[in-house]
Every structure is written in structure tokens, then in C-alpha cells.
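Here is a short briefing on one protein model. Keep the sequence and the 3D view open as you read.

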Amino acid sequence: MQTLASTLGLEGERMSKVDTAWLRMDSPSNLMMIVGVWILRPGITHAALAERVRERLLPYRRFVQVAREDAAGAHWMDDTDFRLERHVVTHTLTRQRGQSEQDALQDRVAELAMQPLDHQYPLWQFELIEQYDGGSALIARIHHCIADGIALISVMMSLVDGGALPPQRKKTKPPRAGLDAAEDWVADTLIRPLGDLTARALEVAGGGAAKSLALLAAPQQGLNDTLGQAMELARMGGQLASDLAALALMPDDSPTRLKGQPGRAKRVAWCEPIPLDEVKAIGKALNCSVNDVLLSCVAGAIGAYLRAHGDNTQGQEIRAMVPINLRPMADAWKLGNRFGLVPLVLPIGIDNPIERVFAVRERMNDLKGSLQPLLTFGLLSVAGLLVKPAQDAMLSLFGRKTTAVMTNVPGPAHKMKLCGATLEQTMFWVPQSGTVGLGVSILSYGGGVQFGVIADTTLCPDPQRIIDQFTPEFARLLTLTLMLPWGRD
């Protein structure tokens, strides 16, 4: 079967079904862009940034290609009229009376988060604010069909001083047509990525499942322990059935003011970093992970926000979809989307910080061994095969049962530089889909942990008030942890 690109005599590359699903997922309330902010001191110039982008970013071919849809799906084509000045632009912040620079920057980020990228050109843009708070601010917008957040972190790290170019791709065989091509897609898009590429990601959550998936990916390696492996595959089949039922039968979220039909405007907010060493100390004292501690503080901040608005949160929980990486970081430069989602329940109705962190730990432990990330990746693959109305109906499941999309990403432990300036703060948000109106981002960088929110203004007009609760919730947890009896005389 010939693609539209080959019929027209143009060079094209078929887009994966998962990436196609993301390309078609834009809606008036939620655009499928990953939005990030870098705060730099001292400032940098547009010329310096443009030169760095030309040198380090453009070798990633996706950033000089356009996405084109056809009856069979979508494909990538080289932009024969690529102009860097369309993608690296400048902006001057304007402040209202009494408005701080940070407030003005947050307003600009929110405005850009609802401004569609032009599909006639490669789907990304960097906007540099050359004068911001004694330095510069860089706002990056990249469509999710290009890559997921983990891959884009790898890409952005190539821009910093000392960053590396992407590895040279090996030439691949031309794709086969017809049934053979379909078989290649099943092998390359489902079996292998959900096997060997997933093994590391699942190692902490269940070595048996990871081993079984690796076996499915490479059956030619032989069966040294046929009975044992057959039993493990049977167990994995039971786990898959259980997780599929759990996804299908998820109850709807608690009906808080944060759920509903979103509008067409957003607001963003972020806090100053808190020391990562203090987070680790609490985790060690309570025998919890850093994730448990941070997610507990997020649940506490959201619960406090709702109570401050007069809502009764007793016994309430909300669900956040958390992306789980399904590939080794060494392959992140290849771009595309290789992640699944797990539904994490946040106990917003528990006011006691110690009790809440243990409840979060229990919920995280319940997710260990789950194959739900693989199932959601498979659902996205299937969605990319459907016509858009059917795709939208299929993915609406997540919107009905989810209040937020949450990312928790560990960044570099030491601060980096871009064009000679120090990257002081960094924050990014992945998009929300369907009717989900809240995005939460936790990012560790340079010895600190930063918490950010992007929210639909119809459902949450004042996300700064959620942010303002995060540090006090962390302080409460720290204080109570220090007050616990640690030993006997």
C-alpha cells in the first residue's frame, strides 16, 4: 500500500500510531503541547539562542519536519521552506499596575498554552523574553506528537553548555507494504517496546513481568526453563486481565469543583524550590520514598485549597494520571511517545500529614507489579488506528475518571548553563486531554524541588492558591516528623 507521500513523489516517513493519536488529540479546551519555562541569569540574546538551536536542536530531524494527515493516518515530511525565525522568537512582557514580573510571566505562559501551533510548519516554538528579573526567560512549546516529556528533557539537555548532539541514526530498511508492514508495526510498536524497552521500567515493580515481556520480545533466545517461563507468562496473563478490569471498572472521581467541563483559558503558577535534602530526610525517617513525600504534599495542598473554598473533603479522593516511562533513557533521543499511564489516587480528605503520607505509600505499593502502563500504551496505539470521533470517544474514559494529569520528573542535581547564563529554575507541564482541567508538575533540579500547576480557569481560576498551600503542607509534615519519638533513653 503506497502512502500519500510516496504517491505525490515526496519523501515521507509514516508516523507511529501512538504519535498519530497525540497529533489528533487537540481540543478547544486542551492543546496537546508540552509547555516549559526556563529562568536564566544573566540574560541571553536572541542571536545566541538561535545559534544554539541551529547547532544542537535542528539535527533532531523531527524539528525540521511537518506532520501531515491522510486517510491512512499521518506521516512526517521535511519542511522544504524551513525558517528558524518562525520558531525562535522574542517577546517583551507587559505588566499591569501592581503586577510582579513573575505574575506577568505566568500570564504569558498561560496565554501561549492556549495558542495553537501552526500545523503548516514544524510543531514547536521557543519564545525568549530577553529582559526578565535580572536575566531572561525562555518559554518552550512542543507538540506531544513529536515526543513525550522524558524524550524532550533529553533534547533540551542537548541545548545546554556542554550538551551533546543526537547519535547518528543507522540507515533502516525501507518499510514493507501490505500485511508485512502491519506485522512489522505489531512487532516494532507493541511487542518489542513493551518487552525489552519496558524491562528496566518494570524491574522495580515486578521482575517476573519484565522478564516475561522480554521473552515475548525475543523468543528466539530459547527456552531454558520452559515450565517456569510458562508459569510466569500465565501469571502475567492473569495480571493483564486483572489490570484491564481495574482500568475498565475505575469508579468516577469524587465530584469536586476541580472536575467538570473546561473552558478555553488557563492559568499557571509555580513556587520557589524546596530543599531536596529535606524531602529525602523525611522519606528516610518515615520509610517512604521521595515520591511518597511529594505526592502527599500535593494531595495536602489540593485538599487545603478545596477546604479554603468551603468544600467538605472528608473521605474524598481524586485520581491523577501519572505518565510512566517505557524506554531506557539511552533511547530518548529517538523521540516519539513511549510511555504508559497509571491512575494514582490522592487522599485529599486526610488532613494529618503523617497519616496521609502513609496512605500515599500504600497506594504506590498497590501499583507495583501493575501492567497498566502497558495497557494504556496499547490503548493509545489502538486509538491512533481509529477515526478521530472514535478516538475521542475511546479516550474520554480517562477524562471522566480523572481530575488531574501529574508528572514527577527527576532533573539534574547541579545547575546547568545555557549560552553562558545559569539555568536557575525550570518547570514544565504535559497537556491535559478531554475534560481534564488540572495539570500538576513536580520537578527536582539543582538540589531543589519545584511544584507547578496549570489549570483551566473555569474549574480553577486561582491555581496560585493551590501552590501557596504546597510549602506549608511540606513544613507541617517536616515538623511532625521531627516531633515523632525516634528512640528510647
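This is a predicted model: local features need pLDDT of at least 70, side-chain atom pairs count only at pLDDT 80 or more; totals for chains, interfaces and linings use all residues.

Residues are numbered from 1 along each chain as its sequence is written, and side-chain values use heavy atoms, with hydrogens and water left out.

**Nonpolar cores**

- A nonpolar core is a set of buried Ala, Val, Leu, Ile, Met, Phe, Trp, Tyr and Cys residues joined through side-chain atoms within 4.5 Å. Buried means under 20% relative accessible area, exposed means over 50%, and partly exposed lies in between (1.4 Å probe, protein chains only).
- The largest core has 79 residues. Val 53, Phe 63, Leu 105, Trp 124, Phe 126 and Ile 146 touch the most other members.
- Strand β2 gives this core its largest share, seven residues.
- A second, separate core has 44 residues, including Val 279, Val 449, Cys 460 and Phe 474.
- In soluble globular proteins, nonpolar side chains tend to be buried together.

**Helix α4**

- Helices (H or I, at least four residues) and strands (E, at least two) are DSSP runs, numbered from the N terminus.
- Helix α4 covers residues 101–113. Its 13 residues should span 18 Å at 1.5 Å a residue, and the end C-alpha atoms are 18 Å apart, which agrees. The expected span is 1.5 Å times one less than the number of residues.
- Buried residues in α4 include Ala 104, Leu 105, Arg 108 and Leu 112.
- Leu 105 has contacts (heavy atoms within 4.5 Å) with residues including Val 37, Ile 39, Leu 93 and Trp 270, not counting residues up to four places away in sequence.

**Backbone details**

- A cis peptide bond joins Arg 41 and Pro 42, with omega at about -10°. Pro 42 sits in the loop between β2 (33–41) and α3 (46–56).
- Asn 287 is not a glycine, yet its phi is positive, near 60°. Asn 287 lies in the loop between α10 (276–286) and α11 (290–308). Its relative accessibility is 62%, so Asn 287 counts as exposed.

**Cysteines**

- How many disulfides does a search of the whole structure find? The search finds zero. A disulfide is a pair of cysteine sulfur atoms within 2.5 Å.
- Cys 288 is buried, at a relative accessible area of 10%.
- Cys 419 counts as partly exposed, at 26% relative accessibility. Cys 419 is in the loop between β13 (417–418) and β14 (421–429), and has a positive phi of about 55°.
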